[in-house]
Amino acid sequence: MDRDGTYTVAARKRLDSLEQEGRRKFLPITGRLSLSSNDYLGFSKHPRLAEAAAHALKDHGTGSTGSRLLSGNHPLNRDLESAIAHFKRGQAATVFTTGYQANLSTVVALSDLVTICYSDALNHASLVDGLRLAGRKTVVFPHNDWAFIEADLDRRTDSRKTPLRFMIVTESLFSMEGDMAPLSELSRIASRRDGLLLVDEAHATGTLGKTGRGGFEAQGLDPDTSRTLLTGTFSKALGGLGGFTVSHPAFRDLLISRGRGFVYSTALPPSVLASNLAAIELLSDNPSIVGHLQNTTLALRTRLRLTENDSPILPIRGPMDVLFRFQKNLEENSFSAPLIRPPTVPEGTERIRLSVCLPWSGGQTETIGTAWDRAVRS
Ligand SMILES: Cc1ncc(COP(=O)(O)O)c(C=O)c1O
């Protein structure tokens, strides 16, 4: 029995059962080059972002001192909101402290307006948690199966007591699958059948489309801003921290009153706001960097014979022994690439998630290719 008694014993027992279920998590060993980073454009180490942060740190200090509704609404929030709204070709934006909070808050606030929510089976935990907190009837549809939503709507009588009938919740570039949502069909369903469409562009922003504006740009679409909300994060290709929702101004007003992560959490510090702003400016000034990421991705995809799409997220699937060997071969080359298991991904779909992040060398592509060939052969 340990000094603290039964509570820690109970915690250990819970950990044991998590371990038996294969659900216990461990922090990775640092010091190796991670092949699963989300720093797609390499912005987290860019001097322009660091300088912007350093200036703001000097001028405004370390903390934001409160939530945005109280003392934490630094003017840089408004600058960042205009910049991200403009970049995403939207009308207004709301900045949150993390992407998780943006998703949770947006789903909860918008679900007030609808009777039923449709959620892609592979949605990120922040969307799933938002739907749980919202407590609205939620139908989980098979991954990317837009026809399922239409058939389900056909089956139900429209007995709504809410202004809108439904909300579809999806990612545009799926974080673990590396594939894209059928945004054209989902937009069509939302417009024709009186619903909303909420698209999480966490991984698409900065990686998809000619200028990195995301999934809609990549698919040549203009979102209907009266029905479409785009969420995202500054923590991936934009190299910083924080979340955003791009929407019609009326939805922004709703988020400010009803977005729990907005109302009940401390705002981002000015230094982080400043570096996020610098990231959008950097990307807007240098759109060709996105093409560079896409060409680099194509080289790795070609080497690994995974050319089904061109996203920088490559899930490498195979028998567990092959995946373990691949992981070991990568570690011998000082790379780390974690094996992603349930509940992050569905049972039986374990994978090593590789993500292409600049700067990336041809040598790196070859090392990964050789590690994979050896894993498959032995
Ligand atoms: C698809 C998706 N949405 C939202 C988030 C949350 O973003 P953040 O890390 O800024 O909280 C993540 C990142 O973990 C993500 O992968």
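Modeller: What follows describes the shell around the ligand, beginning with the basis of the values. This is a predicted model, in which local features need pLDDT of at least 70 and side-chain atom pairs count only at pLDDT 80 or more, whereas totals for chains, interfaces and linings use all residues. Residues are numbered from 1 along each chain as its sequence is written, and side-chain values use heavy atoms, with hydrogens and water left out.

The ligand is surrounded by 14 residues, of which the closest are Gly99, Asp200, His203, Thr233 and Lys236; a residue belongs here if one of its heavy atoms lies within 4 Å of the molecule. By class, this shell holds two nonpolar, nine polar and three charged residues, where Ala, Val, Leu, Ile, Met, Phe, Trp, Tyr, Cys and Pro count as nonpolar, Asp, Glu, Lys and Arg as charged, and the others, Gly among them, as polar. Helix 4, residues 99–111, gives the most to the shell, with three residues; helices are DSSP runs (H or I, at least four residues), numbered from the N terminus.

Turning to polar contacts, which are pairs of N or O atoms within 3.5 Å, a polar backbone atom of Gly99 is 2.8 Å from an oxygen atom of the ligand. A polar side-chain atom of Ser235 lies 3.2 Å from a ligand oxygen atom, and an N or O atom in the side chain of His124 is 3.5 Å from an oxygen atom of the ligand. Taken alone the ligand exposes 390 Å², and the protein buries 82% of that, with accessible areas coming from the Shrake-Rupley method with a 1.4 Å probe.

Methods: Polar contact = N/O pair within 3.5 Å; in protein donor to acceptor, adjacent residues only side chain to side chain. Helix = DSSP H or I, 4+ residues; strand = E, 2+ residues; numbered from the N terminus.
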